[in-house]
Amino acid sequence: MNYRHAYHAGNHADVLKHAVLARLMEHMKKKEKPFRVVDAHAGIGVYDLGGIEAGKTGEWEGGIGRLAEPFSPDVEALLAPYRAVIAALNPGGGLRHYPGSPELALRLMRANDRLIANELHPQDAVALERQYLHDPRCDVTSMDAETCLKAKLPPPERRGVILVDPPYEVKNEAERAVRMLEQGVRRFAQGVFVVWYPMKADATAETVLSGARDIGLPGTLKVELRVREAFSGGGLAGSGLVILNAPWKFDLELKPLVAALAARLGIGSWGRGEVSWINFPT
């Protein structure tokens, strides 16, 4: 496994994923009963945007770097939890450190909620363990993502968010992501499953979306942000999330947020945002 998220931290895909995850965490806290987050591809937790890796690509400049200016008050209210975590990581102001999904989850969850942060890459797994060694709410594991979900679902709390965020390095990774969804839902039918997918000039997005549709779980939501035209060899043109068991009326909350992000992050006139149901909630 060669993928290192440090090269891509804070890019437009991260902004979409983390802004939505932050909103989802707020929904989970509306009930007093504790919940568990299982992050199957956790990375290292916190990223240095001034570091060598982020400096080589500069991807964050086209993502979180474009969010310095505030949006409308309504959109800022939706972004508030996400922005609060970023501000806490940069107490002196500015933007040097960026939260990965485990950092975002831990800073937004409560004392009795729990996180399983899983990372397969050996070097990143060590960094992740070091980052959260002293947080009793977090259990760091280092195993294949599919194995992790088989081992950790269902959680004892019977409430949870499962984040599947593969790098899509290998040819069959989209099919594998769908398989993890299918297996996860069988083990934990009431869980909120979030799967990220890239939008490129290939069939990856449609494979994930078609697989999620075929699972047939009511309340399956599609959230997409496209920043430019996709063309062969052109890399990442946007990204999306499939959310199974999405909270009630979550689509209405995300539509203005995603529209605002698309307008801000789109290159030229290419900013496109979509929030729609794959399978309607019952």
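A salt bridge is a side-chain nitrogen of Lys or Arg within 4 Å of a carboxyl oxygen of Asp or Glu. By that rule, the side chains of Arg-179 and Glu-146 meet in a salt bridge, with N to O at 2.9 Å. This is a predicted model, in which local features need pLDDT of at least 70 and side-chain atom pairs count only at pLDDT 80 or more, while totals for chains, interfaces and linings use all residues. Residues are numbered from 1 along each chain as its sequence is written, and side-chain values use heavy atoms, leaving out hydrogens and water.

**Salt bridges**

- The whole structure holds 17 salt bridges.
- Arg-179 lies in helix H7 and Glu-146 in helix H6 (residues 145–152), 33 residues apart; helices (H or I, at least four residues) and strands (E, at least two) are DSSP runs, numbered from the N terminus.
- Glu-146 is buried, with a relative accessible area of 7%, whereas Arg-179 is partly exposed at 32% (buried means under 20% relative accessible area, exposed over 50%, partly exposed in between, with a 1.4 Å probe and protein chains only).
- A network of salt bridges links Asp-144, Glu-146, Arg-176 and Arg-179.
- Asp-165 and Lys-17 form a salt bridge at 2.5 Å, N to O.
- Asp-165 is in the loop between S6 and H7 and Lys-17 is in helix H1, so this pair ties together parts 148 residues apart in sequence.
- Asp-165 is buried, with a relative accessible area of 12%, and Lys-17 is buried at 5%.
- Arg-23 pairs with Glu-253 in a salt bridge whose closest N and O atoms are 2.7 Å apart.
- Arg-23 belongs to helix H1 and Glu-253 to helix H9, 230 residues apart.

**Strand S7**

- Eight of the eight residues of strand S7 (residues 192–199) are buried.
- Val-192, Val-194, Trp-196 and Pro-198 lie on one side, and Phe-193, Val-195, Tyr-197 and Met-199 on the other.
- In a regular strand the side chains alternate between the two faces of the sheet.
- Strand S6 (residues 160–164) and S7 pair in the parallel sense over four bridges (two strands pair if DSSP finds at least two bridges between them).
- S7 pairs with strand S9 (residues 238–244) in the antiparallel sense over seven bridges, and Val-242 in S9 is the bridge partner of Val-195.

**Helix H3**

- The 17 residues of helix H3 (residues 73–89) should span 24 Å, and the end C-alpha atoms are 23 Å apart, which agrees (the expected span is 1.5 Å times one less than the number of residues).
- The buried residues of H3 include Val-75, Leu-79, Tyr-82 and Leu-89.
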